[in-house]
Amino acid sequence: MIRRPPRSTPKPSSAASDVYKRQDVTFNLDGHLGVSVVLSFLLVFRADLAWKRYESGKAALGAVHGGIRNLNVAAAVFLQPGGGDASSTLGSSIARSEEEEEEALSRLAADRAEIFRLTNLLYAFVRHAARGQRHGYSDVGPVTDDELLTRDRGGKPRVPDLFLDAEEAREFKGLDAWNRPNACASKISAIVEHKRRAGVLGERAAMDAFRDLRVVLDALKSMERIVTTPIPYQYLHMLNVLLFFFVYSVPFVFTANFKWVTPFPSAVVALAFYGVNEIGRCMEDPVSYTHLRAHETVLDLVCRLLL
């Protein structure tokens with residue numbers, strides 16, 4: 001009896017087995033590299049544009065602060081007895097009695113206090129127009145205009161503490177937020193011009209005061225242009241879409257070379273691209289509450305984004 005050898009199923013060759021095991025899901029490296037170059041240029045352009053907006057906003061805010069400070073210094077120094085022309089001051093001092101001199105001194109003190117009050121109110125209205133009307137308070141978000149004028153718990157000095165009476169509060173309430181600083185500047189200009197014509201304030205001092213007011217109003221206009229002209233939505237939308245698909249496709253490209261350690265380089269790429277994008281977003285609005293705090297590290301930023 002002839003015995004046949006048992007049939008054995010053919011085993012795949014070792015080469016075919018290796019090919020089967022190495023079939024990874026991946027993308028073309030050259031195409032992914034090309035997308036990364038384009039995306040990098042888009043991110044750099046956004047960051048550069050955001051930095052320019054941040055620098056312009058910081059310069060405008062510094063100009064507002066410096067102009068108001070110089071105006072207060074000028075009022076404190078020049079709005080004094082004998083601050084005007086020498087001839088007019090000498091003639092008035094001869095003709096006046098002691099009661100008139102005391103009354104003139106009291107009026108000067110009242111005018112100085114009024115200019116100090118109006119400059120504080122001017123700065124508070126600048127703060128409202130640039131940030132309060134859009135972002136409200138840092139802890140609760142946007143609030144109404146009536147809340148800012150009646151409570152203003154997010155600023156120093158508070159606007160309700162600076163109003164003379166309810167009539168003045170109603171007067172400013174009827175104005176647009178960006179026009180309220182202009183109204184304060186007009187009242188300050190009226191006081192300066194009245195004292196100049198009365199001979200109490202010299203021509204040079206009055207011109208310096210008008211120049212400081214012009215600097216403040218020009219800076220206010222620059223801040224208005226920054227906060228009311230955002231980066232085009234279409235550009236940001238396209239950037240975010242490309243960034244999303246690029247970052248989430250990076251692991252499929254890295255898996256062919258990094259194998260089980262793919263999550264580590266993928267996390268570094270996600271941190272770099274999304275970090276630059278977030279820094280640009282924070283700098284786009286230099287007067288908002290959304291910004292990088294001085295004590296916030298990169299890890300804190302990433303944790304805040306993930307949460």
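Okay, let's start at Phe 163. Leaving aside residues up to four places away in sequence, Phe 163 touches Arg 117, Leu 121, Phe 125, Leu 149, Glu 168, Ala 169 and Phe 172. Keep in mind that what you're looking at is a predicted model.

So where does that phenylalanine belong? Phe 163 is part of the largest nonpolar core, which has 24 residues. Within that core, the residues that touch the most other members are Val 64, Leu 121, Phe 125, Val 159, Phe 163, Phe 172 and Met 223. You'll have spotted that Leu 121, Phe 125 and Phe 172 were also on the contact list for Phe 163.

Which elements give two or more residues to this core? Those are α2, running 29–78, α4 at 98–135, α7 at 180–197 and α8 at 203–228. Of these, α4 gives the most, with 7 residues. There's also a second, separate core of 16 residues, and among its members are Ile 115, Ile 191, Ala 205 and Ala 209.

As background, nonpolar side chains in soluble globular proteins tend to be buried together.

Now over to the surface. Here we've got a nonpolar patch made of Val 241, Phe 244, Phe 245 and Tyr 248, and together they have about 430 Å² of accessible area. Take Phe 245 from that group: you'll find it in helix α9, residues 233–258. Is Phe 245 buried or exposed? It counts as exposed, because its relative accessible area is 57% and the cut-off for exposed is over 50%.

Asp 152 has a phi near 50 degrees, which is a positive value in a residue other than glycine. Asp 152 sits in the loop between α5, 145–150, and α6, 166–173. Despite being in a loop, Asp 152 is buried, with a relative accessible area of 1%.

The other one is Lys 259, with phi near 55 degrees, again positive and again not a glycine. Look for Lys 259 in the loop between α9 and α10, the latter being 263–284. Lys 259 is partly exposed, at 44% relative accessible area.

Last thing, confidence. The protein averages a pLDDT of 81, and 80% of the residues score at least 70. Two stretches need a flag, though. Over residues 85–94, pLDDT stays under 50, and the model has 7 contacts for them beyond four places in sequence. Residues 294–307 also stay under 50, with 11 such contacts in the model.

Notes
Residues numbered from 1 in each chain as written. Heavy atoms only, no water. Core = buried A, V, L, I, M, F, W, Y, C linked by side-chain atoms within 4.5 Å. Buried < 20%, exposed > 50% of the residue type's maximum accessible area, 1.4 Å probe, protein only. Helix = DSSP H or I, 4+ residues; strand = E, 2+ residues; numbered from the N terminus. Contact = heavy atoms within 4.5 Å. pLDDT = per-residue confidence, 0-100. Patch = residues over 30% accessible without salt bridge, like charges linked within 9 Å, V, L, I, M, F, W, Y side chains within 5 Å. Areas by Shrake-Rupley, 256 points an atom, 1.4 Å probe, with all protein chains shown as cover. Salt bridge = Lys/Arg side-chain N within 4 Å of Asp/Glu carboxyl O.
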